Amino acid sequence: MKKITKLMMLFALITMVLPLKALALEPNEPHNADAMWVEPSEIDLTTVSPGYRFNVTVWVNCSKTSTAWQFMLYYNSTYLNATGCWYTAGTSSEFFQGLGAIPVEPTFGPNYVLFAESCLLNLRDPGYGSLAFVEFEVIEVPPEPVTFELDISTAYPEDTYIMVVLDGGEEGKLEPMETLNATVIIPEFGTLAYILLILVISSIAVMLKKCNVKK
């Protein structure tokens, strides 16, 4: 009986871990090399309120042998706050997994997240993989609809780049490289609040009517 219980617990742990790993295995919106992009490419916050949190994933597809990567992701700090940033494979990115990568702590600025990783003793063959998860919290909902970007393109190529091995054997930043941002859509709160208010008033009116009928 104890053996069966242990097997069930092991199975439960495996089923919990596998979905987490699956998040970082295949991009939902793949791009040809050479590119770094944010997924999902559109985040619709139509039904959320302050305090809601969501994640995005930064991916890369590189046609050359690489040794390091970095991105600076800008965001609208009036409506969002970056609350976390971590590698997609635990102690390393999935892209550099198994290569003895050197981890660093993310830097959180007033309106940006800066994150990087390098593998000095090994080289990463051409290919694609996920780099990092970035978590955001909605801190304010605007009085009218707002659209802005989670932007890694503005910092390219100074602070958003892939460090690759060039034809001469030296290291250098990969240029040109396509950088693709994600779009955040926040709806007009006034309209949503008005609709909710109408629904509440209607519900109260129905309840009062039922009470009067019973009397």
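Two strands count as paired if DSSP finds at least two bridges between them. The strands themselves (E, at least two residues), like the helices (H or I, at least four residues), are DSSP runs, numbered from the N terminus. With that in hand, I can start on the sheets. This is a predicted model, in which local features need pLDDT of at least 70 and side-chain atom pairs count only at pLDDT 80 or more, while totals for chains, interfaces and linings use all residues. Residues are numbered from 1 along each chain as its sequence is written, and side-chain values use heavy atoms, with hydrogens and water left out.

First, the chain as a whole. Its secondary structure comes to two helices and 14 strands. There are 215 residues, and 41% of them count as buried. Buried here means under 20% relative accessible area, exposed means over 50%, and partly exposed is in between, with a 1.4 Å probe and protein chains only. The chain exposes about 12,600 Å², and 61% of that area comes from carbon and sulfur atoms. Accessible areas come from the Shrake-Rupley method with a 1.4 Å probe; for residues, only the protein chains shown count as cover. Now contacts, meaning heavy atoms within 4.5 Å. Among those between residues at least 6 apart in sequence, 79% join residues at least 24 apart.

On to the five-stranded sheet. Which order do its strands take? The order is E5-E9-E3-E1-E13, the sheet is open, and the pairing is mixed. Strand E5, residues 80-87, and strand E13, residues 178-180, stand at the edges with a single partner strand each, so one side of each has no neighbour in the sheet. From one strand to the next, the twist averages 20°. For such angles, axes are lines fitted to C-alpha atoms, for helices over the stretch in contact, and the angles run from 0 to 180 degrees between N-to-C directions. E5 and E9 are antiparallel and pair over seven bridges. Leu-80, for instance, stands opposite Val-138 in E9.

A salt bridge is a side-chain nitrogen of Lys or Arg within 4 Å of a carboxyl oxygen of Asp or Glu. How many does a search of the whole structure find? It finds two. In one of them, Glu-135 meets Arg-53 at 3.3 Å, N to O. Glu-135 is in strand E9 and Arg-53 in strand E3 (residues 53-62), so this pair ties together parts that are 82 residues apart in sequence. Glu-135 counts as buried, at 17% relative accessibility, whereas Arg-53 is partly exposed at 44%. Arg-53 also forms a salt bridge with Glu-137, at 3.4 Å, N to O. Glu-137 lies in E9 as well, so here the parts tied together are 84 residues apart in sequence. Through shared partners, Arg-53, Glu-135 and Glu-137 are joined into one network.

Next, the three-stranded sheet. It is open, runs in the order E2-E14-E10, and has mixed pairing. Strand E2 (42-44) and strand E10 (146-150) are its edge strands, each pairing on one side only. Neighbouring strands are turned by 20° against each other on average, direction ignored. E2 pairs with strand E14, residues 182-186, in the parallel sense over three bridges. Within that pairing, Ile-43 stands opposite Val-184.

Now strand E4, residues 66-74. Is it enclosed or open? Eight of its nine residues are buried, so E4 is largely enclosed by the rest of the structure. It runs antiparallel to strand E11 (residues 161-165), joined by four bridges, and Ala-68 has Met-163 as its bridge partner there. Seven bridges join E4 to E8, also antiparallel, and Trp-69 stands opposite Glu-117 in E8.

That brings us to E8, residues 112-118, where Ser-118 is found. Ser-118 counts as buried because its relative accessibility is 18%. Leaving out residues up to four places away in sequence, Ser-118 touches Thr-67, Ala-68, Phe-96, Ala-101 and Ile-102.

Together with Leu-120 and Leu-121, Ile-102 makes a nonpolar patch of about 360 Å². Patches are made of residues with over 30% relative accessible area and no salt bridge; like charges are joined within 9 Å, and nonpolar side chains (Val, Leu, Ile, Met, Phe, Trp, Tyr) within 5 Å. Leu-121 sits in the loop between E8 and strand E9 (127-138), and is exposed at 80% relative accessible area.
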